Amino acid sequence: MNYERYDPHVDIPSAVLTREAVDRLIASIMIATLAFNAVLAAINAHVTAVTNGEVIAAELLIFFCSTLLLVLTLTPHDRPWLALMCLFIGIGLVVSLFRDELVAKNIRDVLSIPVFVMLGLRYSRNPVSLFSKLQFIVVFFALLEVANPDLFSDIFDVRSYYINSRNFAANDFWNSDSSLFVSATRPGERFFSFVDIHRVSSIFLEPVSLGNYVCTIVILLLCFWPTLSLIMRAWLIVSTVFLLVACDGRFATITSVLILICVPLASKLPSRASVFYLPVIVTLGAIGVYAFQPDPLSDDFGGRVAKTMALAGNLDFYDVLGMAQWSQIGDNLDSGLTYLIVTQTALGGCFVWLFTTLVASDHAPDLELRLRIRRATHAVALFIGLNLLVSYSLFSIKSAAFLWFLYGAAIRPMPEDCAAGD
């Protein structure tokens with residue numbers, strides 16, 4: 001199955017937008033999602049101080065534009081994701097009622113899932129073309145940061161931006177000689193010790209998000225390999241390896257390797273078999289912590305997993321109902337699993353996992369489409385399961401948007417399937 005079979009001029013359920021216009025608007029939204037944080041940092045460095053309010057406003061503007069586009073172009077394939085959106089909002093409002101305060105951030109954290117999945121579902125062109133453009137932007141700023149870190153720092157002044165717009169204090173940035181993000185330099189050696197530079201962040205401004213983006217590109221390569229030209233394959237492979245080494249992502253490296261090894265084998269199973277990944281990963285994590293006793297205060301993979309298990313063991317009845325104290329929610333920032341539970345309730349966390357693994361159906365007549373759906377579901381489920389053990393970065397729009405958009409584009413049905421669904 002080749003993406004050229006999609007006609008960008010095919011009519012969509014909208015009285016005002018053509019298919020081509022929708023694709024261009026979606027591409028613009030994705031580029032804005034990639035760039036908004038860096039633009040705000042540059043404004044903070046050269047125009048005026050940017051606070052958390054401006055960051056929230058920028059994210060809300062992206063959500064507003066995305067939602068407006070979705071409303072104008074609804075299709076039957078949106079139904080489960082619209083239901084998930086309503087469930088998130090409903091759970092958030094119920095929790096807000098019992099907490100006697102609006103938990104707007106909790107709702108915003110998870111809305112990126114259905115919103116960007118639905119954007120991917122209605123993007124009719126080959127997403128590889130869009131991601132290759134995003135990749136060029138990311139590589140350009142990564143090369144700039146490597147070649148001239150002083151210029152990069154002058155443009156974005158990352159330290160000042162995060163102090164002004166996030167809950168960072170000046171003493172959180174242990175390296176006073178650097179104006180880059182706090183984790184751009186590690187007290188110890190780099191994971192890739194043969195490279196003698198700081199951890200590169202590129203346009204994401206901090207290395208963890210760049211590492212998550214790299215994992216998304218690895219998933220893209222697996223899912224859309226048959227549609228790629230030799231030149232595109234070479235560009236994406238070489239540039240992705242460069243970004244992976246540059247960001248020095250331990251988690252990103254291990255996860256990418258596991259995805260490349262496990263997903264081709266797992267894709268022989270139905271896509272919905274991926275529902276077992278999270279329980280298996282959490283169980284293996286608990287066994288590993290019991291067997292090796294890693295220090296939960298250690299800032300490495302073992303330490304993060306140990307911290308997640310400790311936090312999960314301390315959850316009580318009120319926590320799983322979304323009634324944890326705000327200070328306790330902050331304590332869960334190094335554990336995506338417990339952060340998901342205390343902010344979305346145990347029920348909301350289950351919805352996130354079940355919709356991700358069970359909604360996409362691989363019962364497609366086209367063998368290539370069936371394989372793509374299986375690979376996308378297994379890869380995304382594996383990535384999420386591993387990520388939830390060590391980080392809550394999945395709930396940051398700059399980390400999550402590209403993953404969920406890619407997932408929606410990968411499980412997108414063929415035109416004849418759309419017609420059948422109507």
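Predicted model: local features only at pLDDT ≥ 70, side-chain atom pairs only at ≥ 80, totals over all residues.
Is Val 195 buried or exposed? With a relative accessibility of 19%, Val 195 counts as buried, because the cut-off for that word is under 20%. From Val 195 to Trp 404 there are 209 residues in sequence, and the two C-alpha atoms lie 32 Å apart in space.

Now step back along the chain to H7. Four residues of H7 are buried: Val 158, Tyr 161, Tyr 162 and Ser 165. They span an arc of only 90 degrees around the axis, which means that they sit on the same side of H7. What lies over the buried residues of H7? The cover includes H1, H2, helix H6 (149-156) and helix H17 (397-410).

Two of those covering helices, H1 and H2, are worth a visit of their own. Two packed helices are described by the angle between their axes and the distance between the axes. For helix H1 (residues 19-46) and helix H2 (residues 52-72), the axes come within 11 Å and cross at roughly 175 degrees. H1 and H2 are therefore roughly antiparallel to each other, since angles over 145 degrees count as such. On the H1 side, the contact is made by Val 22, Leu 25, Ile 26, Ile 29, Ala 32, Thr 33, Phe 36 and Leu 40. H2 contributes Glu 54, Val 55, Ala 58, Glu 59, Ile 62, Cys 65, Ser 66 and Leu 69. By type, the residues of this contact divide into twelve nonpolar, two polar and two charged.

One of the H2 residues in that contact is Glu 59. Is Glu 59 buried or exposed? Glu 59 is buried, with a relative accessible area of 11%. Leaving aside residues up to four places away in sequence, Glu 59 touches Phe 36, Arg 108 and Ile 397.

Cys 65 also belongs to the H2 side of the contact, and Cys 65 is partly exposed, at 35% relative accessible area. That brings us to the cysteines. How many disulfides does the structure hold? The number is zero. Take Cys 350, which is in no disulfide: the nearest cysteine sulfur belongs to Cys 86 and is 19 Å away, whereas a disulfide calls for two sulfurs within 2.5 Å. Cys 350 has a relative accessibility of 44% and counts as partly exposed.

How values were computed. Residues numbered from 1 in each chain as written. Heavy atoms only, no water. Buried < 20%, exposed > 50% of the residue type's maximum accessible area, 1.4 Å probe, protein only. Axes fitted to C-alpha atoms, helices over the stretch in contact; angles between N-to-C directions. Helix = DSSP H or I, 4+ residues; strand = E, 2+ residues; numbered from the N terminus. Parallel < 35°, antiparallel > 145°, perpendicular 65-115°, else oblique. Contact = heavy atoms within 4.5 Å. Nonpolar A, V, L, I, M, F, W, Y, C, P; charged D, E, K, R; others polar. Arc of directions from axis to C-beta.
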